[in-house]
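Take a walk through this fold, from the whole chain down to single side chains. Keep the viewer open and follow along.

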Amino acid sequence: RHKANFDILEGFLSELLYEDFKIKQILESEGNKETEDDKFNRVDILVENKKGELVIVEIQNTREADYFQRMLYGTAKVIVEHIAEGQPYSQVKKVYSVNIVYFDLGQGDDYVYHGTTTFVGIHSNHELELSEKQKELFKKSSVSDLYPEYYVIKTNRFNEVAKDTLDEWIYFLKTAEIKDEFTAKGLKSASRKLDILKLNPADRKEYDRYMEAQRSDASFVETVKLEITSAVNDALKNNKAEIAENALRKGATIAFAAEITGLSIREVQEIAAKLGLDK
């Protein structure tokens with residue numbers, strides 16, 4: 001959830017969704033209860049991207065027979081919580097539900113599943129499409145783009161042979177290891193963070209001290225730069241003031257002194273007042 005780690009999550013979602021995913025913010029991940037018997041909507045991570053779309057990322061380790069319904073409830077709750085009262089339904093946000101499960105959910109021989117909503121004619125077998133006006137209103141090209149999309153990654157079904165960059169991420173999710181030849185977005189950053197997390201307590205403390213020293217050094221350098229810049233600006237301003245003063249003593253107008261020094265009229269007027277030349 002830390003901003004410093006956005007590039008890791010952005011990398012994973014970019015590989016999964018096949019687009020350049022950019023995080024706008026991490027949102028509150030536990031929905032409010034409206035009544036005493038209402039269910040909390042607990043999700044691991046809830047992200048809003050630059051397009052205003054919402055992405056739920058869930059990691060489930062233990063078997064849940066009703067996990068499919070939990071996915072449905074999670075998306076429905078998020079949709080309801082992110083539309084204000086009185087807003088038109090056109091403002092309903094697009095939601096992606098990404099579920100990384102470590103048990104055999106349902107039956108199937110694949111390890112990545114993608115679910116969308118489409119409407120198909122029972123007589124013509126043609127898919128229902130958006131009108132041109134609706135495409136313009138929603139900024140979407142198909143009906144399925146309006147509805148939640150679901151991704152299920154069944155890590156236990158993965159054979160640990162990475163054939164593409166998404167597989168590289170799934171290999172990492174299953175084994176907690178990242179091979180040197182992997183090129184998937186975000187994995188290099190994840191590898192660095194993982195190396196730090198694997199340090200023993202003594203080495204981790206030493207690393208933290210080292211990083212704190214690095215931050216202090218960087219802060220010191222920045223402070224020195226600011227002080228030097230400030231001193232140079234003061235010197236330049238004093239030099240300009242001397243030039244303006246000499247010009248005024250020789251009979252130059254306030255406007256002319258301001259023009260040749262770059263000082264403001266007010267600043268030159270203050271100099272003239274100190275010299276008694278403002279009368």
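Of the 279 residues of the protein chain, 33% count as buried. The model is a predicted one. The chain holds 8 helices and 6 strands. Read along the sequence, their order is α-β-β-β-α-β-β-α-β-α-α-α-α-α.

Start with strand β6, residues 149–154. How many of its residues are buried? The count is 6 of 6, and the strand is mostly covered. In a regular strand, side chains alternate between the two faces of the sheet. Check both faces of β6, then. On one side sit E149, Y151 and I153; on the other sit Y150, V152 and K154. These residues are all buried, so both faces of β6 are covered.

Now look at the pairing of β6. Strand β4, residues 95–101, pairs with β6 in the parallel sense. That pairing runs over 6 bridges. Within it, V101 has K154 of β6 as its bridge partner. Strand β5, residues 112–115, also pairs with β6, but in the antiparallel sense. Here there are 4 bridges. Y113 has V152 of β6 as its bridge partner. Both partners in β6, K154 and V152, belong to the face listed with Y150.

Next, move to the surface. Which lysines gather in a patch of positive charge? They are K3, K22, K24, K50 and K185. Pick out K22, in the loop between α1 (6–17) and β1 (23–27). Its relative accessibility is 39%, so K22 counts as partly exposed. Partly exposed covers the range between the buried limit of 20% and the exposed limit of 50%.

F119 lies in the loop between β5 and α3 (132–138). Is F119 buried or partly exposed? With a relative accessible area of 36%, F119 is partly exposed.

Finish in helix α8, residues 265–275, where V268 is found. Why does V268 count as buried? Because its relative accessibility is 0%, and buried means under 20%. Now trace from V268 to E245. The two are 23 residues apart in sequence. In space, their C-alpha atoms are 8.2 Å apart.

Conventions: Residues are numbered from 1 along each chain as its sequence is written. This is a predicted model: local features need pLDDT of at least 70, side-chain atom pairs count only at pLDDT 80 or more; totals for chains, interfaces and linings use all residues. Side-chain values use heavy atoms; hydrogens and water are left out. Buried means under 20% relative accessible area, exposed over 50%, partly exposed in between (1.4 Å probe, protein chains only). Helices (H or I, at least four residues) and strands (E, at least two) are DSSP runs, numbered from the N terminus. Two strands pair if DSSP finds at least two bridges between them. Patches are made of residues with over 30% relative accessible area and no salt bridge: like charges are joined within 9 Å, nonpolar side chains (Val, Leu, Ile, Met, Phe, Trp, Tyr) within 5 Å. Accessible areas come from the Shrake-Rupley method with a 1.4 Å probe; for residues, only the protein chains shown count as cover. A salt bridge is a side-chain nitrogen of Lys or Arg within 4 Å of a carboxyl oxygen of Asp or Glu. Lys and Arg count as positive and Asp and Glu as negative; His and the chain ends are not counted. The place of a charge is taken as NZ of Lys, CZ of Arg, CG of Asp or CD of Glu.
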